[in-house]
Amino acid sequence: TRPHFLAVGYPLTVAEAAALRLGLIKKLGFPKVNESSPTHEIFVTLAALVATFGFHSEQAREYYENAAYLCAPPSPLVDAGWLNEYLTTLHTYLGPSHGTHMYRKVPFHQFEGYDYTYSVSELPKVSGRPLVIGILADWGCGSSAALSVLQELKKQKPDLVIHLGDTYYSGTVQEQEAFVYDGLRGILGSKVPVLMVPGNHDYYSGGQGFYHIVDKFGQQPASYFALRGDHWQIIGLDTGLLDNFDLSLDTMTLLPDDQKAWALEQLRIGKEAGLKTIVVSHHQFFSRHESVGVAKDVIKEVSTLPDLLKFGYIASDLLKPSTELPGHLPSDARPTANTRLLDQFPPEVRGDVAAFYWGHEHSSAVFAPYAGIKRGRLMGHGCIHKTIDEDLYDVGKDLNGSAWGGSPEPLPGSRIGAGDLFWNLGFVTVSLDGNRAHAKHFEVEQVNRPVVSVPMQKLERVQLREILLTERRFISCLSCADAVVDFPCRDIHNKVCFPRVPGHAGEEHSCAMLAIDDGGEDCWP
């Protein structure tokens, strides 16, 4: 039994699959389903498994967990478990919490002002080698695929792991325990420090689940943090707090006043000390494919009143008209960049940041410089598998990038690969070596193969497919040296680079062409 608010996902998704198989979805006039789409195949297969082995069968349940679980729009066929995020949002506002959310503000002293030492700690120290940081995003779903991603990350021997938020469906205490805490501790052990920033899903249930496991991990007192070393600092932002209401228009998130002041001061301190900075957050600062939201929505702004009345936080930047934000666009425009976050981090501040890493969008991209950000890195593909009929690199409909010269562009060779039905999942490692950093982007491919045939009506047979995590791929093998890499990767021409094996006369060539010097190359001088 999954630890969700209500266990509606499996039964309602099975009902949806049965309706599809019986032709009821078409008869009832629901949106047309492309019968050649991967999602159609998944739901028809689920219905066939239930019809053959039974509703409570291991075969049907396992297939739901591995294929239909977390299926999401734009397909009209979705995992019905997503109802949980709306139900928990309603419960947060109509239940005992009365619309308030857990948040730990930066301490404020009457005479000294904000305590800028709050939630600041040292980067771990290692001797004789680079410090390896593993970064996951949108990973908290508990699926076998997500656990396989973490198993691959473990092989990279990270000294520190950072999760960029979102535990599905709505970040309840039970979901956070089962999917995030137990998963990370069970695979990584107790010695690897884990830090986190929350996403929107972590706040739908009020945020208590997120803080519950943050306290159990014991590495940070708040939902934001700064890690500072001799050459680098990493700043984690809580962009989820002001995206906690899922019952209105999709609006741009931003930081509350206390955290904005804290973050800008951490950036100033780092610059003054000669440190290089990496900023991590759940939400994108810009996007090519998905909307980052509109600047103004009355319902969303009203939803912040319970927190304001409880003195939970103040977000005065919400009052700023959209025409005064970067781009000077109308309030109903959907820009490619989050103009509220850009406004909070002006160009001179963004320009000092070595790289931004974010999730939220369930894809991966290594972007060329855009909106004053030198290295924007999307890596929200930790758990939710997107079907291959959706082009994750297409320019989103109605997105307006005119203020920044068009849409963000992924660097050549940085597209992730795909299996038979799904785009690949993955993670990133960043190795800090003195004042240099080297980022590697990893993929885990989901490969489908026929495993059994099931008798159907009139002797019709359908091949069932199970999701097997059988192959690990590596992309963006961004090498700083003109040398043959020591692990498989793809170069800029999509040609596989094989590792050098002593005495082996097989194919060898360099992935160094994929390096993108001074235009966003991930080996930072």
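Which element gives the most to the nonpolar patch, and how many residues does that element give?

Modeller: The model is predicted, so local features need pLDDT of at least 70 and side-chain atom pairs count only at pLDDT 80 or more, while totals for chains, interfaces and linings use all residues. Residues are numbered from 1 along each chain as its sequence is written, and side-chain values use heavy atoms, with hydrogens and water left out.

The element is α5, which gives the most to the patch, with 5 residues. Helices (H or I, at least four residues) and strands (E, at least two) are DSSP runs, numbered from the N terminus. The whole patch consists of F5, L6, L12, L83, Y86, L87, L90, L94 and L247, and together they have about 770 Å² of accessible area. Such areas come from the Shrake-Rupley method with a 1.4 Å probe, and for residues only the protein chains shown count as cover. A patch takes residues with over 30% relative accessible area and no salt bridge; nonpolar side chains (Val, Leu, Ile, Met, Phe, Trp, Tyr) are joined within 5 Å, like charges within 9 Å. A salt bridge is a side-chain nitrogen of Lys or Arg within 4 Å of a carboxyl oxygen of Asp or Glu.

L87 counts as partly exposed because its relative accessibility is 31%; buried means under 20% relative accessible area, exposed over 50%, and partly exposed in between (1.4 Å probe, protein chains only).

The loop between α4 (58-68) and α5 (83-94) contains P74. The peptide bond from P73 to P74 is cis, with omega near 20°. Most residues other than glycine have a negative phi, and most peptide bonds are trans. A cis bond also joins Y168 and Y169, with omega about 10°, and Y169 is in the loop between β5 (160-163) and α7 (173-188).

In soluble globular proteins, nonpolar side chains tend to be buried together. A nonpolar core is a set of buried Ala, Val, Leu, Ile, Met, Phe, Trp, Tyr and Cys residues joined through side-chain atoms within 4.5 Å. The largest one here has 97 residues, and I42, L70, L136, L184 and F285 have the most contacts inside it. A second, separate core of 25 residues includes L123, L195, W232 and V428.
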